Amino acid sequence: MTRILVTGATGTIGSQIVEPLIQAEATVRAAVRSRSRASALEAQGAEIVEYDIEQGQGVEEAFAGVDRAFLLTPFVPDFSALTIRALEAARKAGVSHVVKLSAAGADPASPSWLPRNHGLGDVAVAESGLSYTILRPTFFQDNIITFSADSLRSEGVFYGASAGQSVAYVSSRDVGAVAAQALLHPHKHAEKTYDLTGGEGVTGLALAALLTETLGRPVSFRDISSDEYGASLRAAGTPEPFVEALLGLEYVKAQGWAAAVSPHVSEALGRAPETYAAFIARNRGRLLG
């Protein structure tokens with residue numbers, strides 16, 4: 001039976017890969033920093049291994065006897081080196097196919113550390129000699145929960161510096177579903193790079209209207225300047241490298257570079273991407289708190 005390793009298995013994407021793999025009767029090894037956080041994965045039938053790619057702990061054990069692997073590296077400066085470390089372990093273990101989570105705009109020549117590291121990691125995958133699939137999702141629909149849930153509950157407002165531009169936000173569940181397909185059927189997805197977006201562009205104002213309708217309470221969007229956004233992040237204690245990264249992402253939105261819709265989710269899954277309205281309805285309880 002095929003054994004598939006999922007790194008970052010308790011995270012937003014990894015946790016949504018494990019379930020469809022198990023439903024497809026694959027043997028799943030879930031790599032986690034701490035076994036204490038993996039009870040839900042274990043209950044689904046996943047084999048649990050403690051794994052810390054930064055410290056180099058549990059890496060050989062995680063990859064041993066694995067046929068295919070999902071590679072996700074922690075969001076830290078110079079994380080491309082961690083991708084290379086994982087690839088070395090995969091080659092040594094005889095892994096036949098890897099699926100790497102990258103990001104839209106990945107570019108090894110970028111002056112910004114975030115797209116540069118994604119780009120360097122993508123190059124390392126392509127040059128590894130392993131069969132591979134690279135996933136480059138755009139902004140997640142989940143970001144409204146991750147970054148804005150507190151202000152939505154306390155003020156009925158969420159903030160951004162997108163200059164009114166549309167963004168083709170993608171559901172993390174769709175990203176996980178595409179990853180699962182690439183892991184289950186690597187021959188169909190080998191040596192391919194997928195740009196993963198939703199099926200429509202959504203502005204901040206349109207998102208506020210969707211939230212108002214579904215949550216049953218007024219929600220507004222406040223489009224602030226890049227300087228204001230950076231100041232608010234610093235006031236919240238966000239480390240400077242991550243302030244730089246988040247400002248860079250808002251700049252991408254403001255230039256209209258995240259508005260394009262890709263067909264790759266539909267092509268990989270045989271259905272339309274989840275709409276933002278459907279995502280909000282599915283996560284209404286989390287947004288209301």
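1. In this predicted model, F140 has a relative accessible area of 18%, and because buried means under 20%, F140 counts as buried.

2. Which residues surround F140, once its neighbours within four places in sequence are left aside? The contacts are with I13, Y169, V170, V175 and Y276. As for the end of the numbering, G289 lies 149 residues from F140 along the chain, and the C-alpha atoms of the two are separated by 20 Å.

3. Turning to helix packing, helix α1 (residues 15-23) and helix α8 (residues 172-184) have axes 8 Å apart and pack at an angle of about 45 degrees, and the two helices are therefore oblique to each other. Their crossing is right-handed. On the α1 side the contact is made by Q16, I17, P20 and L21, while α8 contributes S172, R173, G176, A179, A180, L183 and L184. Sorted by class, the residues of this contact comprise seven nonpolar, three polar and one charged.

4. The residues that make the contact are S226, Y229, G230, L233 and R234 of α11, together with E240, V243, L246, L247 and E250 of α12; by class they are five nonpolar, two polar and three charged.

5. For the protein as a whole, the model contains 15 helices and nine strands, and its C-alpha trace spans about 50 × 40 × 35 Å along the principal axes. A compact globule of 289 residues would have a radius of gyration near 19 Å, and the protein's own value of 19 Å agrees with that expectation.

6. Two further values describe the interior and the contacts of the chain. Buried residues account for 49% of the 289 residues, and, among contacts between residues at least 6 apart in sequence, 72% join residues at least 24 apart.

Methods. Residues numbered from 1 in each chain as written. Predicted model: local features only at pLDDT ≥ 70, side-chain atom pairs only at ≥ 80, totals over all residues. Heavy atoms only, no water. Axes fitted to C-alpha atoms, helices over the stretch in contact; angles between N-to-C directions. Helix = DSSP H or I, 4+ residues; strand = E, 2+ residues; numbered from the N terminus. Parallel < 35°, antiparallel > 145°, perpendicular 65-115°, else oblique. Left-handed = near helix turned anticlockwise from the far one by under 90°. Contact = heavy atoms within 4.5 Å. Nonpolar A, V, L, I, M, F, W, Y, C, P; charged D, E, K, R; others polar. Rg over C-alpha atoms; globule rule 2.2 N^0.38 Å. Buried < 20%, exposed > 50% of the residue type's maximum accessible area, 1.4 Å probe, protein only.
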